[in-house]
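Hello,

Here is the model I promised. Please open it next to this email and follow along.

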Amino acid sequence: MRSMRRGIKEMDIILSAYGDAHLAAMDDAGLTLYDALLNENDQDLYQWVTGQIGAPDRFAALIEDIAQHAGAR
């Protein structure tokens with residue numbers, strides 16, 4: 001539920017689709033990292049996912065996975 005209704009519609013769509021496809025299979029560490037990602041600003045997330053700016057190292061692999069799922073790159 002936290003993957004949607006975030007603030008900007010683009011991130012609602014991207015994160016909802018990603019969450020539906022991947023969250024059930026994530027381990028505790030993956031879920032913890034995803035939860036931390038959801039606390040980031042939507043504008044930053046959108047720029048990371050679309051490759052406009054690089055994601056922080058902590059989130060780089062997760063953002064790459066989200067971007068690939070969204071077809072953003």
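**Ground rules**

This is a predicted model, so local features need pLDDT of at least 70 and side-chain atom pairs count only at pLDDT 80 or more, while totals for chains, interfaces and linings use all residues. Residues are numbered from 1 along each chain as its sequence is written, and side-chain values use heavy atoms, with hydrogens and water left out.

**Overall fold**

The chain has 4 helices and 0 strands. From the N terminus, the order is α-α-α-α. Helices (H or I, at least four residues) and strands (E, at least two) are DSSP runs, numbered from the N terminus. The chain has 73 residues, and 34% of them count as buried. Buried means under 20% relative accessible area, exposed means over 50%, and partly exposed lies in between (1.4 Å probe, protein chains only). Take the contacts between residues at least 6 apart in sequence: 49% of these join residues at least 24 apart. A contact means heavy atoms within 4.5 Å.

**H1 against H3**

Helix H1 covers residues 9-22 and helix H3 covers residues 42-49. Their axes come within 10 Å and cross at roughly 60°. That makes the pair oblique. The axes are lines fitted to C-alpha atoms, for helices over the stretch in contact, and angles run from 0 to 180 degrees between N-to-C directions. Angles under 35 degrees count as roughly parallel, over 145 as roughly antiparallel, 65 to 115 as roughly perpendicular, and the rest as oblique.

The H1 and H3 crossing is left-handed. In that case the near helix is turned anticlockwise from the far one by less than a right angle; clockwise would be right-handed.

On the H1 side, the contact uses Glu 10, Met 11, Ile 14 and Leu 15; on the H3 side, Asp 42, Leu 45, Tyr 46 and Val 49. By class, the contact of H1 with H3 has 6 nonpolar, no polar and 2 charged residues. Ala, Val, Leu, Ile, Met, Phe, Trp, Tyr, Cys and Pro count as nonpolar, Asp, Glu, Lys and Arg as charged, and the others, Gly among them, as polar.

Two H3 residues deserve a look. Asp 42 sits in H3. Asp 42 counts as buried because its relative accessibility is 8%. Its side chain reaches the backbone nitrogen of Ile 8 at 3.2 Å. A polar contact here is a pair of N or O atoms within 3.5 Å; within protein, one must be able to donate a hydrogen and the other to accept it, and residues adjacent in sequence count only if both atoms are side-chain atoms.

Val 49 is also in H3. Val 49 is buried, at 1% relative accessible area. Val 49 and Ile 14 are 35 residues apart in sequence, yet 9.0 Å apart in space, C-alpha to C-alpha.

**H1 against H4**

H1 and H4 pack at about 100°, with axes 10 Å apart. They are therefore roughly perpendicular. H1 brings Ile 14, Leu 15, Ala 17, Tyr 18, Ala 21 and His 22; H4 brings Leu 62, Asp 65, Ile 66, His 69 and Ala 70. The classes here are 8 nonpolar, 2 polar and 1 charged.

His 69 belongs to H4, residues 60-70. Leaving out residues up to four places away in sequence, His 69 touches Ala 17, Tyr 18, Ala 21 and His 22. A polar atom of the His 69 side chain lies 3.4 Å from the backbone oxygen of Ala 17. The C-alpha atoms of His 69 and Ala 17 are 8.3 Å apart, across 52 residues of sequence.

Gly 19 is in H1. Gly 19 is buried, at 9% relative accessible area.

**H2 against H4**

Helix H2 (residues 28-38) packs on H4 at about 80°, axes 11 Å apart. That makes H2 roughly perpendicular to H4. Leu 33, Tyr 34 and Leu 37 of H2 meet Leu 62, Ile 63 and Ile 66 of H4. This contact has 6 nonpolar, no polar and no charged residues.

The buried residues of H2 are Tyr 34, Ala 36, Leu 37 and Leu 38. Their cover includes H1, H3 and H4.

Best wishes
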